[in-house]
Amino acid sequence: MHHRIEINRAPVLTLWAAVVAERLGFDWQEALTLGRAVAGLNAYSKGKALGLFEPTPEAVREKRDQLRRQKGAFSIDLLNRKVPAVHTEAGIRALQKDQPTNPASVMDYLKRAFGAAFDDARNAMALLAGAHEPQELAAAGYRLYEEFRPVIPAGVRGWGAKGCLDLDQIRAMAREVR
């Protein structure tokens, strides 16, 4: 059993958001795409705040919103983010760059990032998510993530930096709820 992992925050948030989405009733394939979108939206927001990205011009944003509406897109609220999504033959899929996200690519990303610790990390997060009623988890999910996410340097120095994800802390948080 893994206890601690050196890892960047993006895959941690991706996995946590997927686990939360699954607890809220989405199937695992749907949840993976939603998790990836939450992490992407978070990274973009932080990148803008750090001056690493230019904000999207209003005209481009309006055109993108119009295209999404034409595709039948809708929003799913997850971890304080409005995730654009569509219904596909395979189920709900989050949109990234106006295309449905491939859950297999998200799973590959997570397996690479977590390595041999993937199952232990997913199980620890599922234990924490399962310790909360879905409605409570929907409201508190991001706050919980803030409690266990890896600590990294502030500002630009922390962009892409690895920190320690303590799986024992996540398991202890689950036990405290029960």
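Isoleucine 5 lies in strand 1. In this predicted model, isoleucine 5 counts as buried because its relative accessibility is 8%, below the 20% cut-off. The protein has 7 helices and 6 strands. Along the sequence they follow the pattern β-α-α-α-β-β-β-β-α-α-α-β-α.

**Overall build**

- The protein has 178 residues, and 43% of them count as buried.
- Among contacts with a separation of 6 or more, 68% join residues 24 or more positions apart.

**Isoleucine 5 and its surroundings**

- Leaving out residues up to four places away in sequence, isoleucine 5 touches Phe114, Ala117, Ala121, Gly163, Cys164, Leu165 and Leu167.
- Alanine 117 is one of these contacts. It sits 112 residues from isoleucine 5 in sequence, yet the two C-alpha atoms are 7.5 Å apart.
- Ala121, another contact of isoleucine 5, is among the buried residues of helix 5.
- Leu167, also touched by isoleucine 5, is one of the buried residues of helix 7.

**Helix 5**

- Helix 5 covers residues 118-130 and has 13 residues.
- From first C-alpha to last, helix 5 reaches 18 Å, close to the 18 Å expected at 1.5 Å a residue.
- Its buried residues are Phe118, Asp120, Ala121, Ala124, Met125, Leu128 and Ala129.

**Helix 7**

- Helix 7 spans residues 167-177, with Leu167, Ile170, Arg171, Met173 and Ala174 buried.
- Viewed down the helix axis, the buried residues of helix 7 fall within an arc of 155°, so they line one face.
- Arg175 and Glu176 are exposed, on the face turned away from the buried side of helix 7.
- The buried residues of helix 7 pack against strand 1 (4-8), helix 5, helix 6 (134-148) and strand 6 (162-166).
- Aspartate 166 caps the N-terminal end of helix 7. One of its side-chain oxygens lies 3.0 Å from the backbone nitrogen of aspartate 168.

- Four strands form an open sheet in the order 2-3-4-5, with antiparallel pairing.
- Strand 2 (74-78) and strand 5 (99-100) are the edges. Each has a single partner strand, so one side of each is left without a neighbour in the sheet.
- Strand 2 pairs with strand 3 (residues 81-88) over 5 bridges, in the antiparallel sense.
- Leucine 78 has arginine 81 in strand 3 as its bridge partner.
- Strands 2 and 3 make a hairpin with 2 residues between them. In the turn, leucine 79 has a positive phi of about 50°.
- Strand 4 (residues 91-96) and strand 5 run antiparallel and are joined by 2 bridges.
- Glutamine 96 stands opposite glutamine 99 in strand 5.

**Threonine 14 in helix 1**

- Threonine 14 lies in helix 1.
- Threonine 14 counts as buried because its relative accessibility is 1%.
- The threonine 14 side chain reaches the backbone oxygen of alanine 10 at 2.8 Å.
- Beyond residues up to four places away in sequence, threonine 14 touches Gly35, Arg36, Ala39, Val106, Tyr109 and Leu110.

**Lysine 162 in strand 6**

- Lysine 162 has its place in strand 6.
- Lysine 162 counts as exposed because its relative accessibility is 58%, over the 50% cut-off.
- Setting aside neighbours within four places in sequence, lysine 162 is in contact with Glu6, Ile7, Asn8 and Ile152.
- Lysine 162 and alanine 10 are 152 residues apart along the chain, with their C-alpha atoms separated by 9.7 Å.

Technical notes:
Residues numbered from 1 in each chain as written. Predicted model: local features only at pLDDT ≥ 70, side-chain atom pairs only at ≥ 80, totals over all residues. Heavy atoms only, no water. Pairing = 2+ DSSP bridges. Buried < 20%, exposed > 50% of the residue type's maximum accessible area, 1.4 Å probe, protein only. Arc of directions from axis to C-beta. Contact = heavy atoms within 4.5 Å. Polar contact = N/O pair within 3.5 Å; in protein donor to acceptor, adjacent residues only side chain to side chain. Expected span 1.5 Å × (residues − 1).
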